Amino acid sequence: MLTKNSSVTVKFTGIDFSGYSSRVSDFVNEFSSRANKQGQFLNWVDLPQKQAQRVDEIYELAEKLKKQTGAKKLSVMGIGGSKHTVEHMLSINALNVCYDVVEFYSDVDSASLERFLYRLGNDVTSSNYLIASKSGSTFETKDGFLRVLDMLIDAYKSQGKSQEDAEKCANKHFIAVTDKNSEKSELRRTSNENGWLGDLYIHDDVGGRFSAFDDHALFTLAYAGMKKEDMVKMLNSAQEISTESLTADLDINDALKEGIFWANAKMSGILTTVHQYMGSIFENTVYWHAQMQNESVKDTLKQVAKVPDAMHHSAEAHFNPANKFAFALTVPQDNGVCRENAESYIEALTKSYTSTGAFFLESAKTCQMGLTPEAAGALTQLRAFATVYQEIVEKISENESFPEVLDSVLQPHVEYYKKNLKGGVVVPGRISE
(Lines give C-alpha, C1' and ligand atoms only; values in the text may rest on other atoms or scores of the structure.)
Protein backbone atom coordinates (compact mmCIF):
# COMPACT_ATOMS: atom_id res chain seq x y z
CA MET A 1 0.00 0.00 0.00
CA LEU A 2 1.32 3.42 -0.96
CA THR A 3 2.00 5.69 2.02
CA LYS A 4 1.89 9.45 1.66
CA ASN A 5 5.02 11.58 2.00
CA SER A 6 4.38 13.67 5.14
CA SER A 7 7.17 16.22 4.82
CA VAL A 8 4.93 18.59 2.83
CA THR A 9 1.19 18.85 3.52
CA VAL A 10 -1.43 20.66 1.44
CA LYS A 11 -4.89 21.82 2.54
CA PHE A 12 -7.40 23.04 -0.05
CA THR A 13 -10.52 25.19 0.34
CA GLY A 14 -12.95 26.68 -2.13
CA ILE A 15 -12.62 23.94 -4.75
CA ASP A 16 -14.70 20.81 -5.28
CA PHE A 17 -12.45 18.05 -6.57
CA SER A 18 -15.40 15.70 -7.07
CA GLY A 19 -16.13 17.46 -10.35
CA TYR A 20 -12.84 16.07 -11.66
CA SER A 21 -12.93 12.61 -10.06
CA SER A 22 -14.17 10.85 -13.20
CA ARG A 23 -11.19 12.15 -15.19
CA VAL A 24 -8.41 11.49 -12.66
CA SER A 25 -7.30 8.29 -14.39
CA ASP A 26 -7.22 10.14 -17.72
CA PHE A 27 -4.98 12.85 -16.24
CA VAL A 28 -2.59 10.35 -14.70
CA ASN A 29 -2.52 8.05 -17.72
CA GLU A 30 -1.64 10.95 -20.01
CA PHE A 31 1.29 11.87 -17.79
CA SER A 32 2.39 8.27 -17.28
CA SER A 33 2.32 7.53 -21.00
CA ARG A 34 4.90 10.26 -21.56
CA ALA A 35 7.07 10.05 -18.43
CA ASN A 36 10.68 9.02 -19.08
CA LYS A 37 10.01 8.53 -22.80
CA GLN A 38 12.67 9.82 -25.17
CA GLY A 39 11.88 13.24 -26.59
CA GLN A 40 9.13 14.05 -24.07
CA PHE A 41 11.35 16.15 -21.76
CA LEU A 42 9.98 14.35 -18.72
CA ASN A 43 13.12 12.45 -17.71
CA TRP A 44 13.15 14.42 -14.45
CA VAL A 45 10.39 12.12 -13.19
CA ASP A 46 12.85 9.34 -12.25
CA LEU A 47 15.96 11.52 -12.10
CA PRO A 48 16.12 11.54 -8.26
CA GLN A 49 16.48 7.76 -8.00
CA LYS A 50 19.10 7.74 -10.75
CA GLN A 51 21.05 10.51 -9.05
CA ALA A 52 20.96 8.70 -5.71
CA GLN A 53 23.25 6.12 -7.30
CA ARG A 54 25.80 8.83 -8.19
CA VAL A 55 26.06 10.65 -4.87
CA ASP A 56 29.50 9.23 -4.00
CA GLU A 57 30.84 10.22 -7.42
CA ILE A 58 29.53 13.78 -7.12
CA TYR A 59 31.05 14.28 -3.66
CA GLU A 60 34.39 12.90 -4.81
CA LEU A 61 34.47 15.37 -7.69
CA ALA A 62 33.67 18.27 -5.36
CA GLU A 63 36.55 17.35 -3.07
CA LYS A 64 38.95 16.87 -5.97
CA LEU A 65 38.14 20.29 -7.40
CA LYS A 66 38.80 21.93 -4.03
CA LYS A 67 42.09 20.09 -3.53
CA GLN A 68 43.56 20.68 -6.98
CA THR A 69 43.34 24.48 -6.71
CA GLY A 70 43.00 25.25 -3.01
CA ALA A 71 40.15 27.64 -3.84
CA LYS A 72 37.39 27.70 -1.23
CA LYS A 73 34.65 29.33 -3.29
CA LEU A 74 32.63 27.98 -6.18
CA SER A 75 31.27 30.36 -8.79
CA VAL A 76 28.31 29.00 -10.75
CA MET A 77 28.14 30.39 -14.28
CA GLY A 78 24.86 29.62 -15.97
CA ILE A 79 21.48 31.19 -16.67
CA GLY A 80 17.85 30.21 -16.13
CA GLY A 81 17.51 26.72 -14.75
CA SER A 82 21.27 26.37 -14.46
CA LYS A 83 21.16 29.21 -11.90
CA HIS A 84 17.71 29.47 -10.33
CA THR A 85 17.42 25.78 -9.47
CA VAL A 86 20.78 25.94 -7.68
CA GLU A 87 19.86 29.12 -5.79
CA HIS A 88 16.58 27.52 -4.76
CA MET A 89 18.23 24.29 -3.59
CA LEU A 90 20.93 26.08 -1.60
CA SER A 91 18.40 28.29 0.16
CA ILE A 92 15.83 25.69 1.17
CA ASN A 93 18.64 23.44 2.42
CA ALA A 94 20.10 26.29 4.53
CA LEU A 95 23.41 26.35 2.67
CA ASN A 96 25.45 29.40 1.63
CA VAL A 97 23.33 31.50 3.99
CA CYS A 98 26.17 34.05 4.35
CA TYR A 99 26.94 33.87 0.60
CA ASP A 100 30.50 32.91 1.56
CA VAL A 101 30.88 29.64 -0.37
CA VAL A 102 28.95 29.93 -3.63
CA GLU A 103 28.84 32.91 -5.98
CA PHE A 104 26.80 33.30 -9.16
CA TYR A 105 27.53 35.15 -12.37
CA SER A 106 25.00 35.23 -15.19
CA ASP A 107 25.19 38.76 -16.57
CA VAL A 108 26.86 40.36 -19.58
CA ASP A 109 27.36 44.00 -18.53
CA SER A 110 30.49 45.62 -17.15
CA ALA A 111 29.05 46.78 -13.83
CA SER A 112 27.82 43.26 -13.00
CA LEU A 113 31.21 41.80 -13.90
CA GLU A 114 32.93 44.31 -11.62
CA ARG A 115 30.56 43.45 -8.78
CA PHE A 116 31.22 39.72 -9.26
CA LEU A 117 34.98 40.25 -9.21
CA TYR A 118 34.65 42.47 -6.14
CA ARG A 119 32.89 39.64 -4.29
CA LEU A 120 35.88 37.46 -5.14
CA GLY A 121 38.20 40.04 -3.63
CA ASN A 122 39.33 40.87 -7.18
CA ASP A 123 41.21 37.56 -7.14
CA VAL A 124 39.84 35.10 -9.69
CA THR A 125 42.18 32.40 -8.33
CA SER A 126 40.17 32.39 -5.07
CA SER A 127 37.30 30.55 -6.74
CA ASN A 128 36.61 27.46 -8.79
CA TYR A 129 34.05 27.70 -11.60
CA LEU A 130 31.14 25.47 -12.52
CA ILE A 131 30.12 26.23 -16.11
CA ALA A 132 26.60 25.01 -16.81
CA SER A 133 25.16 24.95 -20.32
CA LYS A 134 23.46 22.08 -22.15
CA SER A 135 24.73 23.17 -25.56
CA GLY A 136 27.90 24.75 -24.26
CA SER A 137 27.37 27.82 -26.43
CA THR A 138 24.88 29.79 -24.31
CA PHE A 139 25.73 33.43 -25.01
CA GLU A 140 25.62 34.79 -21.45
CA THR A 141 27.47 31.84 -19.93
CA LYS A 142 30.18 31.74 -22.56
CA ASP A 143 30.77 35.47 -22.27
CA GLY A 144 31.51 35.16 -18.55
CA PHE A 145 33.52 31.97 -18.84
CA LEU A 146 35.86 33.32 -21.51
CA ARG A 147 36.48 36.52 -19.59
CA VAL A 148 37.30 34.67 -16.37
CA LEU A 149 39.53 32.19 -18.20
CA ASP A 150 41.61 35.05 -19.61
CA MET A 151 41.82 36.66 -16.17
CA LEU A 152 42.99 33.39 -14.61
CA ILE A 153 45.72 32.94 -17.21
CA ASP A 154 46.89 36.52 -16.66
CA ALA A 155 46.86 36.02 -12.88
CA TYR A 156 49.09 32.95 -13.11
CA LYS A 157 51.41 34.62 -15.63
CA SER A 158 51.82 37.49 -13.16
CA GLN A 159 53.15 34.89 -10.71
CA GLY A 160 55.96 34.15 -13.17
CA LYS A 161 54.48 31.12 -14.89
CA SER A 162 54.90 30.53 -18.60
CA GLN A 163 51.91 30.82 -20.95
CA GLU A 164 51.62 27.01 -21.08
CA ASP A 165 51.81 26.54 -17.31
CA ALA A 166 49.45 29.45 -16.69
CA GLU A 167 46.88 27.88 -18.99
CA LYS A 168 47.22 24.53 -17.20
CA CYS A 169 46.73 26.18 -13.80
CA ALA A 170 43.77 28.18 -15.05
CA ASN A 171 41.99 25.16 -16.46
CA LYS A 172 42.24 23.35 -13.11
CA HIS A 173 39.65 25.82 -11.76
CA PHE A 174 36.86 24.64 -14.09
CA ILE A 175 34.31 21.88 -14.19
CA ALA A 176 31.64 21.61 -16.89
CA VAL A 177 28.02 20.56 -16.59
CA THR A 178 26.80 20.02 -20.12
CA ASP A 179 25.65 17.43 -22.64
CA LYS A 180 27.51 14.15 -22.38
CA ASN A 181 28.02 14.06 -26.15
CA SER A 182 30.98 16.14 -27.30
CA GLU A 183 29.49 16.33 -30.81
CA LYS A 184 26.49 18.20 -29.40
CA SER A 185 28.27 20.35 -26.83
CA GLU A 186 31.01 22.86 -27.49
CA LEU A 187 31.56 23.05 -23.72
CA ARG A 188 32.13 19.29 -23.50
CA ARG A 189 34.78 19.61 -26.21
CA THR A 190 36.40 22.46 -24.28
CA SER A 191 36.38 20.37 -21.11
CA ASN A 192 37.94 17.38 -22.84
CA GLU A 193 40.56 19.38 -24.72
CA ASN A 194 41.70 21.29 -21.64
CA GLY A 195 41.65 18.45 -19.16
CA TRP A 196 38.89 19.81 -16.94
CA LEU A 197 37.94 17.67 -13.99
CA GLY A 198 35.32 14.99 -14.18
CA ASP A 199 32.16 14.16 -16.06
CA LEU A 200 29.18 16.13 -14.86
CA TYR A 201 26.36 16.42 -17.33
CA ILE A 202 22.85 17.68 -17.92
CA HIS A 203 20.63 14.67 -18.54
CA ASP A 204 18.81 14.33 -21.83
CA ASP A 205 15.17 15.43 -21.86
CA VAL A 206 15.45 17.41 -18.62
CA GLY A 207 14.62 21.07 -19.20
CA GLY A 208 16.48 23.67 -17.15
CA ARG A 209 13.60 24.64 -14.88
CA PHE A 210 13.00 20.94 -14.13
CA SER A 211 16.66 20.23 -13.37
CA ALA A 212 16.84 20.85 -9.61
CA PHE A 213 18.20 17.32 -9.09
CA ASP A 214 20.61 17.36 -12.01
CA ASP A 215 24.40 17.51 -11.66
CA HIS A 216 24.84 21.28 -11.46
CA ALA A 217 22.59 21.51 -8.39
CA LEU A 218 23.83 18.39 -6.61
CA PHE A 219 27.49 19.22 -7.20
CA THR A 220 26.96 22.72 -5.78
CA LEU A 221 25.13 21.35 -2.74
CA ALA A 222 28.01 18.95 -2.11
CA TYR A 223 30.59 21.73 -2.54
CA ALA A 224 28.61 23.96 -0.14
CA GLY A 225 28.70 21.33 2.59
CA MET A 226 25.45 19.38 2.43
CA LYS A 227 25.84 16.10 4.28
CA LYS A 228 25.90 13.13 1.96
CA GLU A 229 23.22 11.31 3.93
CA ASP A 230 20.97 14.39 3.69
CA MET A 231 21.34 14.46 -0.08
CA VAL A 232 20.25 10.83 -0.24
CA LYS A 233 17.22 11.58 1.96
CA MET A 234 16.31 14.51 -0.28
CA LEU A 235 16.55 12.45 -3.46
CA ASN A 236 14.61 9.54 -2.01
CA SER A 237 11.85 11.89 -0.86
CA ALA A 238 11.63 13.46 -4.32
CA GLN A 239 11.29 10.02 -5.87
CA GLU A 240 8.49 9.22 -3.42
CA ILE A 241 6.64 12.25 -4.78
CA SER A 242 7.14 10.93 -8.31
CA THR A 243 5.48 7.68 -7.29
CA GLU A 244 2.61 9.48 -5.54
CA SER A 245 2.15 11.85 -8.48
CA LEU A 246 1.53 8.98 -10.89
CA THR A 247 -1.21 7.34 -8.84
CA ALA A 248 -4.90 7.84 -9.56
CA ASP A 249 -5.71 8.17 -5.85
CA LEU A 250 -6.43 11.87 -5.25
CA ASP A 251 -6.02 11.37 -1.49
CA ILE A 252 -2.36 10.61 -2.25
CA ASN A 253 -1.70 12.70 -5.36
CA ASP A 254 -1.21 16.28 -4.10
CA ALA A 255 0.62 17.30 -7.27
CA LEU A 256 -2.43 16.50 -9.38
CA LYS A 257 -4.69 18.33 -6.93
CA GLU A 258 -2.50 21.43 -7.21
CA GLY A 259 -2.59 21.11 -11.00
CA ILE A 260 -6.39 20.82 -10.90
CA PHE A 261 -6.56 23.83 -8.57
CA TRP A 262 -4.72 26.14 -10.96
CA ALA A 263 -6.43 24.74 -14.06
CA ASN A 264 -9.85 25.14 -12.45
CA ALA A 265 -9.12 28.78 -11.66
CA LYS A 266 -8.13 29.51 -15.23
CA MET A 267 -11.11 27.66 -16.72
CA SER A 268 -13.40 29.51 -14.29
CA GLY A 269 -12.33 32.84 -15.74
CA ILE A 270 -9.99 33.89 -12.94
CA LEU A 271 -7.34 35.80 -14.82
CA THR A 272 -4.91 36.52 -11.99
CA THR A 273 -3.64 33.88 -9.60
CA VAL A 274 -1.20 34.27 -6.72
CA HIS A 275 1.32 31.90 -5.17
CA GLN A 276 3.14 33.34 -2.18
CA TYR A 277 6.03 31.95 -0.15
CA MET A 278 6.57 32.90 3.47
CA GLY A 279 10.02 33.66 4.79
CA SER A 280 13.62 33.96 3.65
CA ILE A 281 13.93 30.18 3.21
CA PHE A 282 12.02 30.63 -0.04
CA GLU A 283 13.59 33.89 -1.23
CA ASN A 284 15.27 32.17 -4.18
CA THR A 285 12.41 29.73 -4.69
CA VAL A 286 10.38 32.69 -5.90
CA TYR A 287 12.77 33.26 -8.82
CA TRP A 288 12.77 29.58 -9.76
CA HIS A 289 8.97 29.31 -9.54
CA ALA A 290 8.56 32.47 -11.62
CA GLN A 291 10.76 30.90 -14.29
CA MET A 292 8.70 27.69 -14.12
CA GLN A 293 5.50 29.71 -14.49
CA ASN A 294 6.64 31.89 -17.38
CA GLU A 295 8.28 29.10 -19.39
CA SER A 296 5.80 26.28 -18.70
CA VAL A 297 2.35 27.79 -18.18
CA LYS A 298 3.37 30.88 -20.19
CA ASP A 299 0.91 32.99 -18.19
CA THR A 300 2.34 36.38 -17.24
CA LEU A 301 -0.64 37.19 -14.99
CA LYS A 302 0.46 34.67 -12.35
CA GLN A 303 1.99 36.46 -9.34
CA VAL A 304 4.76 34.67 -7.45
CA ALA A 305 6.08 36.56 -4.44
CA LYS A 306 7.56 36.32 -0.96
CA VAL A 307 5.64 37.38 2.15
CA PRO A 308 5.54 39.26 4.44
CA ASP A 309 7.46 41.61 2.11
CA ALA A 310 4.83 41.39 -0.61
CA MET A 311 1.85 41.95 1.67
CA HIS A 312 2.60 45.65 2.11
CA HIS A 313 2.01 46.39 -1.56
CA SER A 314 -0.22 43.46 -2.56
CA ALA A 315 -2.87 43.26 0.15
CA GLU A 316 -4.98 46.17 -1.07
CA ALA A 317 -5.47 44.57 -4.48
CA HIS A 318 -5.66 40.99 -3.21
CA PHE A 319 -8.44 41.69 -0.74
CA ASN A 320 -10.42 44.13 -2.86
CA PRO A 321 -13.79 42.38 -3.46
CA ALA A 322 -13.83 43.77 -7.00
CA ASN A 323 -10.93 41.49 -7.94
CA LYS A 324 -11.20 37.75 -8.42
CA PHE A 325 -8.19 35.67 -7.40
CA ALA A 326 -7.10 32.14 -6.58
CA PHE A 327 -4.40 31.98 -3.91
CA ALA A 328 -1.75 29.59 -2.61
CA LEU A 329 0.57 30.10 0.32
CA THR A 330 3.65 27.97 1.01
CA VAL A 331 5.00 28.21 4.55
CA PRO A 332 7.71 26.65 6.70
CA GLN A 333 6.43 24.82 9.77
CA ASP A 334 7.70 27.04 12.57
CA ASN A 335 9.21 25.29 15.59
CA GLY A 336 11.18 28.24 16.97
CA VAL A 337 10.77 31.32 19.15
CA CYS A 338 8.61 33.10 16.56
CA ARG A 339 6.14 30.24 16.26
CA GLU A 340 3.16 31.91 17.95
CA ASN A 341 3.29 35.06 15.86
CA ALA A 342 4.13 33.19 12.66
CA GLU A 343 1.14 30.91 13.09
CA SER A 344 -1.10 33.91 13.82
CA TYR A 345 0.11 35.56 10.63
CA ILE A 346 -0.55 32.41 8.59
CA GLU A 347 -4.01 32.08 10.16
CA ALA A 348 -4.84 35.69 9.29
CA LEU A 349 -3.76 35.22 5.67
CA THR A 350 -5.64 31.92 5.44
CA LYS A 351 -8.90 33.46 6.70
CA SER A 352 -8.48 36.43 4.36
CA TYR A 353 -7.72 34.31 1.31
CA THR A 354 -10.48 31.78 1.88
CA SER A 355 -13.02 34.59 2.11
CA THR A 356 -12.00 36.02 -1.26
CA GLY A 357 -11.39 32.92 -3.42
CA ALA A 358 -10.13 29.39 -3.74
CA PHE A 359 -7.03 28.73 -1.65
CA PHE A 360 -4.51 26.12 -0.63
CA LEU A 361 -2.00 26.19 2.19
CA GLU A 362 1.19 24.19 1.64
CA SER A 363 3.31 23.52 4.74
CA ALA A 364 6.86 22.16 4.66
CA LYS A 365 8.74 20.66 7.59
CA THR A 366 11.79 22.58 8.76
CA CYS A 367 15.12 21.95 10.43
CA GLN A 368 16.90 24.98 11.92
CA MET A 369 17.45 27.52 9.10
CA GLY A 370 16.02 25.44 6.25
CA LEU A 371 13.68 22.66 5.29
CA THR A 372 14.34 19.08 6.23
CA PRO A 373 16.08 17.22 3.38
CA GLU A 374 12.88 15.24 2.87
CA ALA A 375 10.78 18.40 2.58
CA ALA A 376 13.29 19.98 0.22
CA GLY A 377 13.03 17.01 -2.12
CA ALA A 378 9.25 16.72 -1.86
CA LEU A 379 8.43 20.39 -2.39
CA THR A 380 10.73 20.69 -5.40
CA GLN A 381 9.30 17.64 -7.16
CA LEU A 382 5.73 18.64 -6.30
CA ARG A 383 6.21 21.96 -8.08
CA ALA A 384 7.42 20.30 -11.27
CA PHE A 385 4.59 17.76 -11.39
CA ALA A 386 1.86 20.30 -10.58
CA THR A 387 3.06 22.59 -13.37
CA VAL A 388 2.75 19.89 -16.03
CA TYR A 389 -0.52 18.58 -14.61
CA GLN A 390 -2.09 22.01 -15.06
CA GLU A 391 -1.69 21.71 -18.82
CA ILE A 392 -2.94 18.13 -18.88
CA VAL A 393 -6.04 18.95 -16.81
CA GLU A 394 -6.91 21.95 -18.97
CA LYS A 395 -6.55 20.10 -22.25
CA ILE A 396 -8.53 17.02 -21.18
CA SER A 397 -11.25 19.05 -19.45
CA GLU A 398 -11.74 21.24 -22.51
CA ASN A 399 -11.39 18.36 -24.99
CA GLU A 400 -8.32 19.86 -26.63
CA SER A 401 -5.93 17.68 -28.57
CA PHE A 402 -2.43 17.14 -27.22
CA PRO A 403 0.71 18.14 -29.11
CA GLU A 404 3.40 15.57 -29.72
CA VAL A 405 5.34 17.08 -26.81
CA LEU A 406 3.57 18.93 -23.99
CA ASP A 407 3.70 22.71 -24.25
CA SER A 408 4.63 22.99 -20.57
CA VAL A 409 8.03 21.35 -21.07
CA LEU A 410 9.05 23.29 -24.19
CA GLN A 411 10.11 26.92 -24.66
CA PRO A 412 10.13 27.66 -28.39
CA HIS A 413 9.58 31.41 -28.19
CA VAL A 414 12.88 32.18 -26.48
CA GLU A 415 14.53 31.39 -29.80
CA TYR A 416 13.34 34.78 -31.11
CA TYR A 417 15.93 36.72 -29.16
CA LYS A 418 18.57 34.03 -29.55
CA LYS A 419 18.38 34.38 -33.31
CA ASN A 420 19.12 38.07 -32.98
CA LEU A 421 22.35 37.29 -31.13
CA LYS A 422 23.84 35.37 -34.03
CA GLY A 423 26.83 36.85 -35.79
CA GLY A 424 29.15 39.71 -35.06
CA VAL A 425 29.28 39.36 -31.27
CA VAL A 426 32.83 39.09 -30.01
CA VAL A 427 34.26 38.72 -26.51
CA PRO A 428 37.66 37.15 -25.78
CA GLY A 429 36.91 34.47 -28.36
CA ARG A 430 34.01 34.15 -30.76
CA ILE A 431 30.60 33.75 -29.12
CA SER A 432 28.56 32.45 -32.02
CA GLU A 433 29.07 31.40 -35.57
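Let us start with asparagine 5 and its surroundings. Leaving aside neighbours within four places in sequence, asparagine 5 is in contact with Ser237, Glu240, Ile241, Glu244 and Ala378. Please keep in mind that what we are viewing is a predicted model. Asparagine 5 belongs to the segment that precedes strand β1, which covers residues 8-13. Is this residue buried or exposed? Its relative accessible area is 8%, and the cut-off for buried is under 20%, so asparagine 5 counts as buried. Its side chain also takes part in polar contacts. One of them, at 2.5 Å, is with the side chain of serine 7.

I turn now to the protein as a whole. It has 16 helices and 14 strands. For 433 residues, a compact globule would have a radius of gyration near 22 Å; the protein has 22 Å, and therefore the two agree. Along the principal axes, the C-alpha atoms fill a box of roughly 70 × 50 × 45 Å. Of the 433 residues, 56% are buried. Among contacts with a separation of 6 or more, 77% are between residues 24 or more positions apart. The protein exposes about 19200 Å², and carbon and sulfur atoms supply 48% of that area.

Next, the aromatic residues. How many aromatic pairs does the count give? The count comes to 24. The charged end of lysine 302 lies over the ring of tryptophan 262, 3.7 Å from its centre. In the case of phenylalanine 17, the charged end of lysine 257 sits over the ring, 5.6 Å from its centre.

Let us look at a helix.

Aspartate 199 is found in a loop, between α8 (186-193) and β6 (200-201). With a relative accessible area of 48%, aspartate 199 is partly exposed. Not counting residues up to four places away in sequence, aspartate 199 touches Arg54, Glu57, Leu61, Arg188 and Asp215. Arginine 188 is 11 residues from aspartate 199 in sequence, and their C-alpha atoms are 9.0 Å apart in space.

I conclude with the backbone. Most residues other than glycine have a negative phi, and most peptide bonds are trans. Proline 308 lies in the loop between β8 (303-307) and α13 (311-318).

The loop between α4 (81-92) and β3 (102-105) holds alanine 94, and asparagine 96 is also in the loop between α4 and β3. Alanine 94 has a positive phi, near 55°, and is partly exposed at a relative accessible area of 22%. Asparagine 96 has a positive phi of about 60°, but at 9% relative accessibility asparagine 96 counts as buried.

Terms used: Residues numbered from 1 in each chain as written. Predicted model: local features only at pLDDT ≥ 70, side-chain atom pairs only at ≥ 80, totals over all residues. Heavy atoms only, no water. Helix = DSSP H or I, 4+ residues; strand = E, 2+ residues; numbered from the N terminus. Buried < 20%, exposed > 50% of the residue type's maximum accessible area, 1.4 Å probe, protein only. Polar contact = N/O pair within 3.5 Å; in protein donor to acceptor, adjacent residues only side chain to side chain. Contact = heavy atoms within 4.5 Å. Phe/Tyr/Trp six-rings, centres within 6.5 Å; stacked < 30°, edge-to-face > 60°. Lys NZ or Arg CZ within 6 Å of the ring centre and 35° of its normal. Rg over C-alpha atoms; globule rule 2.2 N^0.38 Å. Areas by Shrake-Rupley, 256 points an atom, 1.4 Å probe, with all protein chains shown as cover.
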